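Please consult the sequence and the structure shown below alongside the notes.

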Amino acid sequence: METKDLLIIGGGSAGMAAAVGAYDRGVKDILILEKGPFLGGILNQCIHNGFGLTEFKEELTGPEFAQRFITQVRDRKIPYKLDTYVTSISKEKVVTYMNGVDGVVEVQAKAIIMAAGCYERNAGAIGIPGDRPAGILTAGQAQLFLNEYGCLVGHRVFILGSGDIGLIMARRLTLEGAKVLGVAEICPWSNGLNRNMVQCLYDYDIPLFLSHTVTKVIGKARLEKVIIAMVDEKKNPIPGTEREFEADTLILSVGLVPNNDLLDKLGIPTSRSRGALVNEHYETSVEGIFSCGNVLHVHDLVDNVVEEAREAGEAAALYLKGQLPAHKESITIVPGNGIGYVVPGKIDLADSGDDLVFKFRVRQPSRSVFILYEFNGVIIKRIFKPVIIPSEMEIEKLPKNILNSNQGTITISLVDKET
Amino acid sequence: MEDVLIIGAGAVGCFIARSLSRYELSVLVLEKENDVGDVTSMANSAIAHSGYDPEPGTKKAKFNVLGNKMMPLLCQELDVSFGKVGTLTVAVDDDQVPLLADLLARAQLNGVEAKLLGPAEVKALEPNINPAVKGALLCPTGGIVNPFTLTAHAMENACDNGVKLHLSETVLAVSRLYDHYVVKTDKDTYEAKVVVNAAGLHADEIAAMIEPVSWKILPRKGEYYVLNHYAPGLVNHVLFPLPSAKGKGVLVTMTTSGNYLVGPSSEVIDDKEDLATDTPTLASVRAQAQSLVPNIPFGEQIRVFSGLRATPSTHDFIIEASQKYPDFINVAGIESPGLVSSPAIGEYVAKDLVGAVLPLKEKAAYTKTIKKYVCPLSLHRDERNALIQANPDYGEMVCDCEKVTLGEIKDALSRSVPCLTVKALKKRTRVGFGKCQGGFCQPKVVRLLADYYHISPLEVLYDKSGSAIILDEIKKEAK
Amino acid sequence: MADTNLICINCPRGCHLTVDEHLNVTGNFCPRGAVYGKQEVTNPTRVVTSTVRIDQAELALCPVKTAQPIPKKKIFEVMASINEVHLTAPVHIGDVVIGDAAATGVAVVVTRNMEKIS
């Protein structure tokens, strides 16, 4: 069987950055496996700008950002295969991939980095009541149709979900001649970046209905009407608050989910982010299998993805040199009150660098609160946050010496100022 | 002049066509939807019932049991996934236990193998069953089947043997002229010696074109949850509650593709076109299912859907020539256990009813099998490599979630039953059936269909007429 | 003239700005916010991103953007001129496809390398 030091599953922003991270730490025997016809992943269809402000100190469009990393990969002559689909991974790190030229190939990898990105929550998953007409699709689907195929999915569009993809598509569709009738968001707050509220909704007078959801879709063959209603604190529709829109298209922007099947099949434990449970080296419960980017937890900014992926690549490089010690699982990190998920799920103090890095999201927007770090029941840090929202991932660094032991549990929670 | 004109290409129409295709007869099938098996036949529990449930002596009982016996061989001939997993009808409180004995007696009268199990035995077979289980009726001959390919492959076999199929054609009027029938559709007019009415939900309307009928078809809606493939073993058999006047109740089952199906509800409605799902009904389905299996992972939901049963006002299948004419044959009210009964109904209608009015001369060149569909993922690595070397399309993944390759899609497009819509391709190959529900692959499928049929993406339909996915092109000014 | 409240769109922070009648900006985290605040109140501008038709490339569309922000009121005029463009591969990031879009003085440039296919 063929062997490879490092196999990277996914040639998007995470896969490319991980490859570069590993290469620059001395790993040369790398292969990136990408299912699509191009490197760059989802960035290729994100033709809008807003990428790269941290990474490159420039504001780039998706394809431009992708090209920066494609160039880095090509300059280093890191091998990659396109139109290549990974059908399985084994716990012994045998990766099986397939394409029309090589057929089915099994490779024994010494290390694997999972960088397979995410997929969109869709109408089926949320079970929108009503008919089953054509014209209901996800924002990413509409984006692909529009930006790659030049196809407009509808003329009168309603959008469910105020996540960034939905807001970006509101503007995109308006610019291409569609009428966007409104955006409904089930939470009392918007889930997109402020800047997108301005440049995608306010700029085009597209109304935003907070605390609303779609309660019925009507249409025999093609969508004809969307009915929305206000919801209460339990997110249940309030009768009598319905509004109707004559829309031929409903676009859903209701969340992204890590595309983690390959690792799920191995029974590798997952965290509440729905990606793999990893330690501070982005290593899963199987030594030498790493995860990074949106397949680990869904990011808001590609700049954070590439930073994380580079670190995962560097960790894989250390692993391959035998410099990443075997798992000891000494400290567990638990999302506490008000926290949706935390990455990493485990830390080994002996191996960590000087800083402990925590990435997490809160469950709901809050003002004047503290993020509380408790270690074995004792508060070790309290950080004041004037504003904190779920749609922005928090990245917090704490010095390693803040912990007085290398066993136990760190709990991160959200508390009111008064507590 | 056709020998036989069949109205409707659901499971029943397809199997009647297949049974007739063995004989030297010219057979035409007219289907109003854009695909075969596009109404009730694609929205059901996908169960090959064993036959313990129908009242003994009814047509339902007769054809259920016959059909169930035909399934294993038939599914081999037609390359259809079939799993003889067995069914368990479960009692969850003491009041229900005597009813199990009644069901056992009924099974025996119907000639169906059945056995009563005590609670410990049930728990051993089904670790996730409601711990309050009091007993169950095990019917080992019951199973699960792929309803989409059962229907489509039966019709493919029929077409391979010379049956003509017209999709997207609606019958508007049927009248008798001397010794034959004139059938007028929205596209053309045909003449036929024999008409078979297998028009499902609309069978009463078709029947009434020839003579007044005393029976009616009532649409009875059932709503379902579909759960993703995930760790196997939630249930090992098809689980039923005790049946009631409303029907067999909410079942929990795996499907031939490794998903789980939970449902259906049961509600007679007015509108034969109403396929809407609603929250209260689904909540009720959920609650009922949880009384069988308390820990169903509803978080793994990938879809909800509803189907309409063609419920006959007579409560039994209507499979008979019309009052006036022995050559106008009604096959109506084929609600549950319709799917498993359809091959047996097909044989009976062909041999006994059509055979009563037309000579049945066997074709010399008749084949009862279809060309097997290649499923690359089920092959060993070397076989797969040989396949991909011969045809690189089998190495190109189109649907990541369900692992469907371009080769399989092109194969489906090339068969004698056309795949005109996105939904048709979905039913044949599973492309778009997975957790992302076509999020990644639907644009590719639209483009494949546009290229194959040399049409614009704007003309590609999801399923029904008017269900275009793309409404416009952009940058027309640049052309 | 009363104060104007705005959200800065320069970066994902989205600072809430207040601009008074003398064009003094408060609430900005960085100097770019002050620039944005003044600009938004006097002459709001936006970068426009879209696609144009392209021949002889692997895809039928090529992504483009205005090289600088353009006056917000001219967005649809700029779109109209973008919609008429028809490119032929190969094209490279930064190639100018419209020198001056809708008399804004701003160019429209390619944002993706697209090679010619045979």
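Two residues are in contact if their C-beta atoms, placed from the backbone, lie within 7 Å. This is a predicted model, in which local features need pLDDT of at least 70 and side-chain atom pairs count only at pLDDT 80 or more, while totals for chains, interfaces and linings use all residues. Residues are numbered from 1 along each chain as its sequence is written, and chains are lettered from A and ligands numbered from 1 in the order in which they are written.

**Lys385(A)**

- Leaving aside neighbours within four places in sequence, Lys385(A) has contacts with Val369(A) and Ile371(A).
- Lys385(A) belongs to strand S26 (residues 378–388) of chain A; helices (H or I, at least four residues) and strands (E, at least two) are DSSP runs, numbered from the N terminus.
- Lys385(A) is partly exposed because 16 other C-beta atoms lie within 10 Å; a residue is buried at 20 or more such atoms, exposed at 12 or fewer, and partly exposed in between, with C-beta atoms placed from the backbone.
- Between the C-alpha atoms of Lys385(A) and Ile251(A), 134 residues apart along the chain, the separation is 34 Å.

**Interface of chains A and B**

- On the chain B side, 45 residues are in contact with 42 residues of chain A.
- Elements of chain B that give two or more residues to this side are helix H7 (279–290), strand S18 (301–312), helix H9 (381–390), helix H12 (442–453) and strand S23 (472–473).
- H9(B) supplies the largest share of the side of chain B that touches chain A, with five residues.
- That side of chain B comprises 18 nonpolar, 12 polar and 15 charged residues, where Ala, Val, Leu, Ile, Met, Phe, Trp, Tyr, Cys and Pro count as nonpolar, Asp, Glu, Lys and Arg as charged, and the others, Gly among them, as polar.
- Strand S11 (residues 151–152) of chain A pairs with S23(B) in the antiparallel sense over two bridges; pairing requires that DSSP finds at least two bridges between the strands.
- Glu473(B), in S23(B), is the bridge partner of Cys151(A).

**Domains of chain B**

- Chain B is assigned domain 1 (1–81 + 142–216 + 313–371), domain 2 (82–141 + 219–307) and domain 3 (376–478), with bounds from an automatic or database domain assignment.
- The C-alpha centres of domain 1 and domain 2 of chain B are 28 Å apart.
- In chain B, 30 residues of domain 1 are in contact with 34 residues of domain 2.
- To the side of domain 1 of chain B that touches domain 2 of chain B, H2(B) gives the largest share, six residues.
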